[in-house]
Amino acid sequence: MNASSIAVATHCPYCALQCGMHLDSDRRVLADPKFPVNQGGLCVKGWTAAATLDHAARLRAPLVRGAGGRLEPASWEEALARIVAGIGDVQRRCGRDAVGVFGGGSLTNEKAYLLGKFARVALGTSNIDYNGRFCMSSAAAAAQRAFGIDRGLPFPLADIAQADVILLAGSNVAETMPPVMRYFEAQQAAGGTLIAVDPRRTTTAQWAKTHLQLRPGSDTALANGLLHVLVREHLVDEAYVAARTEGFGEALRISASYWPECVERLTGVPEALLVEAARMLGRAERPMILTARGPEQQAHGVDNALAYINVALALGAVGKPFSGFGTITGQGNGQGGREHGQKADQLPGYRRIDDPAARAHIARVWNVPVETMPGPGRSAFELLDAIGSEGGVRALLVFGSNPAVSAPDGFRVARRLGALDLLVVADFFLSETAALADVVLPSAQWAEEDGTTTNLEGRVIRRRTAADPPEGVRTDIEILCELAARLGKRAHFSYSTSQDVFEELRRATQGAPADYSGITYQRIDAEDGVFWPCPDVDHPGTPRLFADRFPTPSGRAAFHAVAHAVPVDNRDDQYPLYLTTGRVLAQYQSGTQTRHVPELCDAAPRPLAEMHPATAKAYGIGAGDRVRLTTRRGGGTFTVKLTQSIREDTVFVPFHWGGEESINRLTSSALDPVSRMPELKVCAVRVSAAGSEAAGERP
Ligand code: SF4
């Protein structure tokens with residue numbers, strides 16, 4: 001660093017670990033050795049994060065679709081006037097709910113909060129949801145049902161290092177958030193054991209002592225099998241179950257039929273491995289179960305998560321230090337983004353939008369008549385899927401999301417987006433969704449504005465302004481306030497800084513499950529973040545939940561009786577393999593940011609379809625061949641990577657790319673009945689050599 005460089009402490013723009021880093025005035029990233037979560041570690045995405053700031057492809061002026069159908073540079077005045085006129089036109093013709101808002105789990109808490117308020121107060125629409133519905137909603141719903149509250153990890157990450165046996169289901173943390181491996185390495189160094197559950201022998205699974213390589217879509221059967229063995233071998237913590245839980249009898253009754261040999265048939269996991277894993281967990285003093293998108297992104301995702309929670313409760317693990325149940329959040333603000341009102345059924349602080357007391361509190365904070373506040377709206381995929389239909393949205397405002405790539409059944413979503421009367425996208429690059437828009441607004445990035453995020457532990461932290469945004473770019477908060485003013489709601493949206501928004505958020509969440517009222521910017525600075533709930537400024541915050549009671553009506557955690565069910569789009573003679581999707585180290589989510597970073601593109605330039613050599617041989621396919629993948633929704637062509645690490649009945653493709661390279665064009669939009677989470681992790685697929693089926697064919 002030269003003498004004149006000034007480094008500002010902030011956090012990585014990508015995943016939910018929210019690693020601490022410094023950005024200096026020469027746009028260099030320096031890892032923060034003092035931030036307790038990453039302690040100086042960063043992954044390649046973090047090290048290269050500054051490359052997006054001055055990128056040549058950065059949007060620097062609004063774009064408006066002209067008469068010739070092309071996006072043309074425009075003034076802010078022209079763009080904002082077009083948006084306000086379009087909203088007015090749609091709402092006059094079709095009602096207030098005909099305008100929808102689509103947010104994202106990467107938005108800061110302040111933006112997520114303001115977006116929810118903008119939808120309900122400035123637009124008066126019930127139709128707001130966000131891409132976290134594709135990410136965390138099953139975990140959130142399961143935790144709410146079992147524990148009465150949803151915080152991804154109800155304990156600090158550091159607890160991982162002291163757990164003696166950890167079962168990690170459906171997460172490849174060694175690739176997706178490498179700095180977190182320091183905790184698993186410390187756990188192993190202390191004699192601890194990791195059991196990985198994954199259809200792929202990922203880097204993480206290779207690192208584990210035991211790998212349960214289950215069939216995609218069979219998590220509930222596996223977890224019920226674990227519970228069965230715990231019961232059979234008298235490894236249930238009966239005192240804990242009696243004192244702190246309810247509903248064990250029904251879960252016990254269901255699990256009785258999950259004999260290990262039966263579970264082997266359902267999951268493909270050898271009986272002996274299942275029994276060994278259950279014994280390791282049952283004999284551990286400090287067992288821990290962690291889940292992630294593998295079991296959750298399924299049409300039975302809530303049941304899957306509940307089945308793993310049943311195991312954690314039977315072990316007596318939840319609410320004790322260095323053990324318990326947690327879920328590993330994915331997006332940068334995946335935790336805070338789901339707490340503050342950009343979800344169709346929620347108000348800030350995890351308040352329910354259909355709860356009269358919650359509505360009354362928020363109406364007071366927002367200074368609006370409670371009867372003007374809309375009720376619950378459509379969930380993310382349902383909101384997109386209703387576009388163009390009777391009662392569906394006709395205008396959509398998208399902030400911090402790229403649903404043209406991240407939503408399932410992408411051919412269908414593209415048709416729906418094309419049916420809009422008005423599509424507005426605020427982003428810093430021309431994402432695939434922005435390219436479809438009528439108006440594109442250039443917005444500021446992570447290092448160009450202040451705000452808070454809440455990491456996967458529930459630790460509220462600060463991003464700080466470390467760089468000036470390019471001329472012509474505005475922050476999302478400025479954009480929302482200006483639009484609200486033009487929609488006649490200026491008095492409700494007069495904030496000068498993100499801290500102003502946070503101060504209102506504190507009041508809005510006071511007394512709520514996710515209570516931020518005792519958290520201030522100053523405290524975050526002084527304390528390396530503050531864990532919610534934190535109900536007053538003298539409260540220390542809550543690193544560990546559930547020590548004494550669960551926030552349920554009875555104070556007990558609830559077992560749930562859940563049964564195995566096959567994927568909605570299950571394989572058959574026509575589509576004989578499973579397709580599963582996920583992330584790779586060098587790309588992130590829909591790739592809008594990481595596909596603009598040369599080092600990351602060099603490392604992962606395109607999606608590769610991972611197949612087992614035996615499967616490829618059966619289809620006459622070799623390494624590097626182009627292969628056609630076809631599901632009941634359409635087809636796409638991908639380059640093959642042969643690997644022994646995948647099940648013979650499964651094909652894996654990462655989802656970070658758009659257009660012809662988008663695997664989400666093929667994935668299933670079957671929804672979990674509770675969380676409305678799409679079944680992104682499993683569907684049936686047919687494989688053939690490229691050219692043997694017509695490109696772009698419909699099934
Ligand atoms: Fe840390 Fe995640 Fe950023 Fe990598 S992407 S540096 S793991 S926050």
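On a 1 Å grid over the protein atoms alone, a cavity is a set of points where a 1.4 Å probe fits but cannot get out, whereas a pocket is an open set with protein on both sides within 12 Å along at least five of seven lines; lining residues have an atom within 4 Å of a point. Grid points are joined across faces, edges and corners, and a volume is the space filled by probe spheres set on the points. The model examined here is predicted, so local features need pLDDT of at least 70 and side-chain atom pairs count only at pLDDT 80 or more, while totals for chains, interfaces and linings use all residues. Residues are numbered from 1 along each chain as its sequence is written, and side-chain values use heavy atoms, with hydrogens and water left out.

Five cavities of 30 Å³ or more are present in the structure. The second largest cavity holds about 80 Å³ of space, and 14 residues line this cavity, with Cys12, Cys15, Cys19, Cys43 and Gly46 closest to its centre. Its lining comprises 10 nonpolar, three polar and one charged residues, where Ala, Val, Leu, Ile, Met, Phe, Trp, Tyr, Cys and Pro count as nonpolar, Asp, Glu, Lys and Arg as charged, and the others, Gly among them, as polar. The ligand sits in the second largest cavity, in the sense that more than half of its atoms lie within 2 Å of the grid points. Around the ligand stand Cys12, Tyr14, Cys15, Leu17, Gln18, Cys19, Leu42, Cys43, Lys45, Gly46, Met177 and Pro179, a residue being near a molecule if one of its heavy atoms lies within 4 Å of it. This shell divides into nine nonpolar, two polar and one charged residues.

The open spaces follow. The largest pocket contains about 560 Å³ of space. Its lining has 28 residues, and Gln144, Lys343, Asp345, Gln346 and Arg352 are the closest to the centre. Helix H4 (137-147) and strand E15 (351-352) are the elements that give two or more residues to this lining; helices (H or I, at least four residues) and strands (E, at least two) are DSSP runs, numbered from the N terminus. H4 contributes the largest share, five residues. By class, the lining of the largest pocket has nine nonpolar, seven polar and 12 charged residues.

The second largest pocket has a volume of about 350 Å³. Of its 23 lining residues, Glu175, Val584, Glu610, Lys641 and Phe652 lie nearest the centre. Helix H7 (203-207), strand E24 (608-611) and strand E27 (650-654) each supply at least two lining residues. The lining of the second largest pocket consists of 10 nonpolar, six polar and seven charged residues.

Strand pairing is the next topic. Strands of a sheet pair through backbone hydrogen bonds, either parallel or antiparallel. Here, three strands in the order E19-E20-E21 form an open sheet with antiparallel pairing, two strands being paired if DSSP finds at least two bridges between them. Strand E19 (451-454) and strand E21 (530-531) are the edge strands, each pairing on one side only. Strand E20 (residues 459-463) is joined to E21 by two bridges, and Arg459 stands opposite Phe531 in E21.

The loop between E21 and strand E22 (557-558) contains Trp532, and the loop between strand E14 (346-347) and E15 contains Tyr350, so the pair of these residues ties together parts that are 182 residues apart in sequence. Their ring centres are 6.1 Å apart and their planes stand at 70°, so the pair is edge-to-face. The structure holds 13 aromatic pairs; rings of Phe, Tyr and Trp (its six-membered ring) pair if their centres lie within 6.5 Å, and planes under 30 degrees apart count as stacked, over 60 as edge-to-face and the rest as tilted. Trp532 is also joined to Pro533 by a cis peptide bond, with omega about 0°, and Pro533 lies in the loop between E21 and E22.
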